[in-house]
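Colleague: Please take me through this model. I will ask what each label rests on.

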Amino acid sequence: MSTIRFENVSKQFANASRTAVDNISFVVDESGFVVLLGPSGCGKTTLLKMINRLYEPTSGAIYLGQQDVRQMDATILRRQIGYVIQQIGLFPPPDGGKKRRHRARTAALGAGTHHDAGR
């Protein structure tokens, strides 16, 4: 694994009224672990897709080690990178899963397969 470095990276999609990513710079060390948190539409997925060249930056550069990812073969680059993108369910729901259990119990009752074990 290598250091990943963003230098003044921006991404503007065609016909978009604003930039998806605006002048981002940061470094992820070789043995680093990074979590991108933010509301829907703030650019998290776009950042990740630019690392493996699914999207190309409008400006700036992204480096894997000392090499600009745009100078690398996309297939080889993608084989070197692993990440979790848009993973749902990593954190428990705010209600502790009560609604999900209630829906499952209701569905089981409707199907005649419900067996309450005191929950």
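Leu64 and its partners

Colleague: Which residues is Leu64 in contact with, leaving aside its neighbours within four places in sequence?

Modeller: Ser2, Thr3, Ile4, Val69, Met72, Leu77 and Gln80 are its contacts on that count; contact means heavy atoms within 4.5 Å. This is a predicted model, where local features need pLDDT of at least 70, side-chain atom pairs count only at pLDDT 80 or more, and totals for chains, interfaces and linings use all residues. Residues are numbered from 1 along each chain as its sequence is written, and side-chain values use heavy atoms, with hydrogens and water left out.

Colleague: Why is Leu64 called buried?

Modeller: Its relative accessible area is 12%. Buried means under 20%, exposed over 50% and partly exposed in between (1.4 Å probe, protein chains only), so Leu64 is buried. Leu64 is found in strand 3; strands (E, at least two residues) and helices (H or I, at least four) are DSSP runs numbered from the N terminus.

Colleague: What makes Gln80 partly exposed?

Modeller: Gln80 has a relative accessible area of 47%, which places this residue in the middle class. Gln80 lies in the loop between helix 2 and helix 3 (98-111). Leaving aside neighbours within four places in sequence, Gln80 is in contact with Leu64 and Met72.

Colleague: Which residues have the most contacts inside the largest nonpolar core?

Modeller: Ile4, Phe6, Met50, Ile62, Leu64 and Val69 do, in a core of 14 residues. A nonpolar core is a set of buried Ala, Val, Leu, Ile, Met, Phe, Trp, Tyr and Cys residues joined through side-chain atoms within 4.5 Å. At least two residues of this core come from each of strand 1 (4-11), strand 2 (21-28), helix 1 (44-51) and strand 3 (59-64). Helix 1 gives the most, with 4 residues.

Colleague: What does Met50 touch beyond its neighbours within four places in sequence?

Modeller: Met50 is in contact with Val9, Lys11, Val21, Tyr55, Glu56, Pro57, Ile62 and Val69.

Colleague: Why is helix 1 described as largely enclosed by the rest of the structure?

Modeller: The description holds because 7 of the 8 residues of helix 1 are buried. They are Lys44, Thr45, Thr46, Leu47, Leu48, Met50 and Ile51. These buried residues pack against strand 1, strand 2, strand 3 and helix 2 (74-79). After helix 1 comes Arg53, with a positive phi near 70 degrees.

Colleague: What makes the Arg53 and Glu56 side chains a salt bridge?

Modeller: Their N to O distance is 3.0 Å. The criterion is a side-chain nitrogen of Lys or Arg within 4 Å of a carboxyl oxygen of Asp or Glu, and the pair meets it. Arg53, at 21% relative accessibility, counts as partly exposed, and so does Glu56 at 29%.

Colleague: How many salt bridges does a search of the whole structure find?

Modeller: The search finds 3. Arg5 and Glu7 form one of them, at 2.7 Å from N to O. Arg70 and Asp68 form another, at 2.9 Å from N to O. In that pair Arg70 is partly exposed at 33%, whereas Asp68 is buried at 12%.

Colleague: What is the strand order of the open sheet?

Modeller: The 4 strands run in the order 2-1-3-4, with antiparallel pairing. Two strands pair if DSSP finds at least two bridges between them.

Colleague: Why are strand 2 and strand 4 (67-68) called edge strands?

Modeller: Each pairs on one side only. Strand 3 and strand 4, which run antiparallel, are joined by 2 bridges, which meets the pairing criterion. Tyr63 stands opposite Asp68 in strand 4. The hairpin of strand 3 and strand 4 has 2 residues between the strands, and Gly65 there takes a positive phi near 65 degrees.
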